[in-house]
Amino acid sequence: MNWEEWAEKLFCLIPSFRLRPSLEKLRGVKVGEGTRISQFAMIIGSKKLTIGKNCFIGKFVVIDALKEPITIEDNVKIAGHSAILSHETAYTRELGKRAGPIIIKKNAYISQGTIVLSNVTIGEGAIVGAGSVIIEDVPPYTLVVGVPAKPIKKVKKNVTHHTIP
Ligand SMILES: CC(C)(COP(=O)(O)OP(=O)(O)OC[C@H]1O[C@@H](n2cnc3c(N)ncnc32)[C@H](O)[C@@H]1OP(=O)(O)O)[C@@H](O)C(=O)NCCC(=O)NCCS
């Protein structure tokens, strides 16, 4: 294993969600001020990942930006056990489908156990219901739920998701 692979495995064991972003920066992840990355959150493909300011990444989240870039804008919250996967399988790459960047726009909220597949944009202030699978763009200020996720209602623009201490 090279240094990058060791770092990927070791850093996710760090119990302090405040210290973790500083460590991730050492291996090339761009992380904004005030962002918290929880213990056991796994970050794969650090060079193509950008996380904005005041974001929260929950426990056991997997972010795989090994192949295509992932951009998480300011104030995005990603609850535990979610997976953000821009890394496609050989099968889908051969078909020329799906592979592409993921953008999660500012103030979006990704609930527990969501899976976000490649080549999608989740709009500003959108909320994704627990256990959803995102395979297409989510419009701004919209609540989507289900597998695959579909819009069910609009969300108020001034909703503030919980602040991390
Ligand atoms: C989406 C959520 C926010 C509920 O929003 P809501 O506006 O109160 O929605 P409602 O409960 O009125 O449900 C509206 C419809 O969506 C469905 N629905 C709600 N959440 C759903 C989900 N996660 N998956 C699938 N369907 C869902 C409901 O069954 C209902 O369907 P119906 O109209 O056919 O009866 C909530 O279900 C959720 O997922 N919370 C996230 C919890 C979480 O991850 N917490 C992490 C804390 S760190």
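Visitor: Let's start with Val128: which residues is it in contact with, leaving aside its neighbours within four places in sequence?

Guide: Val128 is in contact with Ile110, Ser111, Thr114, Ile122, Ile134, Val138, Val144 and Ala149, where contact means that the two C-beta atoms, placed from the backbone, lie within 7 Å. Please keep in mind that this is a predicted model, in which local features need pLDDT of at least 70 and side-chain atom pairs count only at pLDDT 80 or more, while totals for chains, interfaces and linings use all residues. Residues are numbered from 1 along each chain as its sequence is written.

Visitor: And how many residues are in the largest nonpolar core?

Guide: That core has 39 residues, and Val128 is listed with Val116, Ile122 and Ile134 as having the most contacts inside it. A nonpolar core is a set of buried Ala, Val, Leu, Ile, Met, Phe, Trp, Tyr and Cys residues joined through C-beta atoms within 7 Å; buried means 20 or more other C-beta atoms within 10 Å of a residue's own, exposed means 12 or fewer, and partly exposed is in between.

Visitor: Why is Val133 called partly exposed?

Guide: Val133 counts as partly exposed because 15 other C-beta atoms lie within 10 Å. Apart from residues up to four places away in sequence, Val133 touches Ile115, Val147, Pro148 and Ala149, and its C-alpha atom is separated by 5.9 Å from that of Val116, 17 residues apart along the chain.

Visitor: Switching topic, in what order do the strands of the open sheet come?

Guide: The order is β1-β4-β7-β10-β13, with parallel pairing; strands are DSSP runs (E, at least two residues; helices are H or I, at least four), numbered from the N terminus, and two strands pair if DSSP finds at least two bridges between them. β1 (30–31) and β13 (120–122) stand at the edges with a single partner strand each, so one side of each has no neighbour in the sheet.

Visitor: What about β16 and β17, parallel or antiparallel?

Guide: They run antiparallel, joined by 4 bridges, and they form a hairpin with 4 residues between them, where Gly146 in the turn has a positive phi of about 100°. Among the 5 residues of β17 (150–154), the count of buried ones is 0.

Visitor: Last one: which residues surround the ligand?

Guide: Gly146 is among them, as are Ser111, Val145 and Ile152, with a residue counted as near when its C-beta atom, placed from the backbone, lies within 6 Å.
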